[in-house]
Amino acid sequence: MQPNQELIRTIANRYAANLTLCFPLRRTSLQLARAIHANFITFGFQPRAHILNRLIDVYSKSSELRYARHLFDEIPEPDKIARTTMVSGYSASGDIALAQNIFEETPLSMRDTIMYNAMITGFTHSHDGCSAVSMFREMKREGFRPDNFTFASVLAGLAHVVEEEKECVQFHAAAVKSGAGSITSVMNALVSLYSKCDLLNSARRVFDEITEKDERSWTSMMTGYVKNGLHREALEMVRRMVSNGIELDAFTYPSVIRACATSGLLQFGKQVHAYALRRQDFSFHLDNSLVSLYYKCNKLVEARAIFDKMPAKDLVSWNALLSADNGFGEEGLRLFSCMRKEGFEPCDYAFSGAIKSCAVLGAYCNGQQFHAQLVKIGFDSSLSAGNALITMYAKCGVVEEARRVFITMPCQDSVSWNALIAALGQHGHGAEAVGVYEEMLKEGIKPDRITFLTVLTACSHAGLVDKGREYFDSMETVYCIPPGADHYSRLIDLLCRSGRFTEAESVIKSLPFEPTSQIWEALLSGCRVYGNMELGIIAAEKLFELIPEHDGTYMLLSNMYAATGKWEEAARVRKLMRDRGVKKELACSWIEVETQVHKFLVDDTSHPEAEAVYKYLQELGKEMRRFGEKIAVAFGLMKLPPGRAIRVFKNLRTCGDCHNFFMYLSRVVQREIVLRDRKRFHHFRNGECSCGNFW
């Protein structure tokens, strides 16, 4: 037996020595590891744990996790090294759910700081800051000592969810106390953290204290300036960085451009793009970040051109294309499908993009399928995916599901709260929306500009004038947020909906800027409801000056004249519209049936079932053929099972004729009809509408 043991030991040592040649990893490492693995199988060699661990390590670091997992599963009792390697591999690849499974199956006695670091890093890279911070706290609670890498990772995770200054200060103090406070990587993370929390003075103080600044140091500070709109300071930081011998590189380009994309700073991003072109710097990372920049700044043609010209596309390329807030609709779903056919697995941000496409289309069934897939692969805890689901369900007319998603999210950020407030407001649940806003404040979440837009809209739809005015006034007095034109337009809409035109005029006269088209449109809409011709004409004349090509102004004013019997004036407005070459936007309605979206136009005969639909329409009334949304509703009544709500979507504001008809129809057919038009949702039940006949 002794000679055999010696032979086995000799063979094992030879395999171990060969595997050592795989490190550091290079192009031939994976090929060598596969050859050694094949040799095991061919000769029936049963390697010991240390050899399997090295092989697992090569596979994991080479993104061949299938082979790594196969070997891992063959080990009867995997040791600490094997478990840590697998956790690190899954975390690095973005498969945090599988990493967490192995982590949770690992006894506490086998865990170490490295394993906790891998989990914290994985959560951070998945933008799940809540879980990263929670894992850090568990680590300390269980008696494990955080190291420099721990603090660098958890600070980056905290930056995703930080809301208050005290959290930054507490974690900074903990890093200093542990001795990690002077490490460059940790200080870089602190600069980013303070910048994210709008504490630029603190960020700059930490930056100035870094003795050995690297690319990340400069980029973190630059990103902070860009995020806070301090473009001169950001450009000065670029100049100083280059003068210190540090050129923009594959890491700094994307960081600066991503910051521009997040802040909507297209011109600054273009300057960086031009700099890269002059230097002929090209990389996946640069192209991917440029795709995000142009899409987020609504430059879809430029973004798609960059994407299409990329010599090769990686996973990040597709995710960059799909994760932007593109409002693609059908094109977004096609791109998502194409990505999967190319063999790439989407991340949670790409799923979010696809779900947002469903929201644009009102594709409820498709959205449900994506939701199920998120749960199956473990992305359901993702903040971005959860927020997208809230918006999708709300825009598909199922506000109850939106509320359920919000409640079941492991943690919420301000985007989550804003999405729920918007959902409730759009569906006429103004009082509930206000309640959610008040709850948000109690939870210590600071409202932002978007929050106020959503809560003001909710107050407007619910007629909560005094409450809305109170919230508007609090923007500057309590939260130091100067209202923009969009906030003022919501206030004008709020006042006009309640007939308080004198107050609305007073607000317009006291504006700190020239009234925009948004302001006059809000005033004109209110005048239409109350028949205030005098003020309505003033608003319309201003709109003719500002946006003469917009058809809505002509139609609203013409309808106002017609409603008061002033037919000559109505005809004059329509003639003016024709003379100026302004064409009325074509009304389009659509409905989803069994994951298929069906579109209808006025007098539409292009649909394959048009003949059957019109035959059904004859039974309901000849006049129905004149309106696209009525055709869509009829199609839904034909195709959907009894009792199921009919959800129809329209690109324009619904007209009074259709609104009255749907109230009547909902009582006759005993079905809920949900209509999403350009402005809001209408829920027709038993002859009544959720808007209270005010839209």
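Reader: What makes the 6 strands an open sheet, and in which order do they stand?

Author: In this predicted model, the strands form an open sheet in the order S2-S1-S3-S4-S5-S6, with mixed pairing. The two edge strands are S2 (596–601) and S6 (688–689), and each of them pairs on one side only.

Reader: How do you know that strand S1 pairs with S2?

Author: Two strands pair if there are at least two bridges between them. Strand S1 (residues 588–593) is joined to S2 by 6 bridges, so the pair meets that definition. The two strands run antiparallel, and Ser589 stands opposite Phe600 in S2.

Reader: Which helix lies across S4, S5 and S6?

Author: That is helix H37 (residues 656–669), which runs at about 35° to S5 (681–685).

Reader: What does UniProt list under "repeat: PPR"?

Author: The unreviewed UniProt entry lists several spans, among them residues 413–447 and 550–584. In the model, residues 413–447 are 74% helix and 0% strand, with end C-alpha atoms 11 Å apart. Residues 550–584 are likewise 74% helix and 0% strand, and their end C-alpha atoms are 9 Å apart.

Note on methods
Residues are numbered from 1 along each chain as its sequence is written. This is a predicted model: local features need pLDDT of at least 70, side-chain atom pairs count only at pLDDT 80 or more; totals for chains, interfaces and linings use all residues. Side-chain values use heavy atoms; hydrogens and water are left out. Helices (H or I, at least four residues) and strands (E, at least two) are DSSP runs, numbered from the N terminus. Contact means heavy atoms within 4.5 Å. Axes are lines fitted to C-alpha atoms, for helices over the stretch in contact, and angles run from 0 to 180 degrees between N-to-C directions. UniProt positions are given in the numbering used here, feature names are shortened, and annotations may be inferred rather than shown by experiment.
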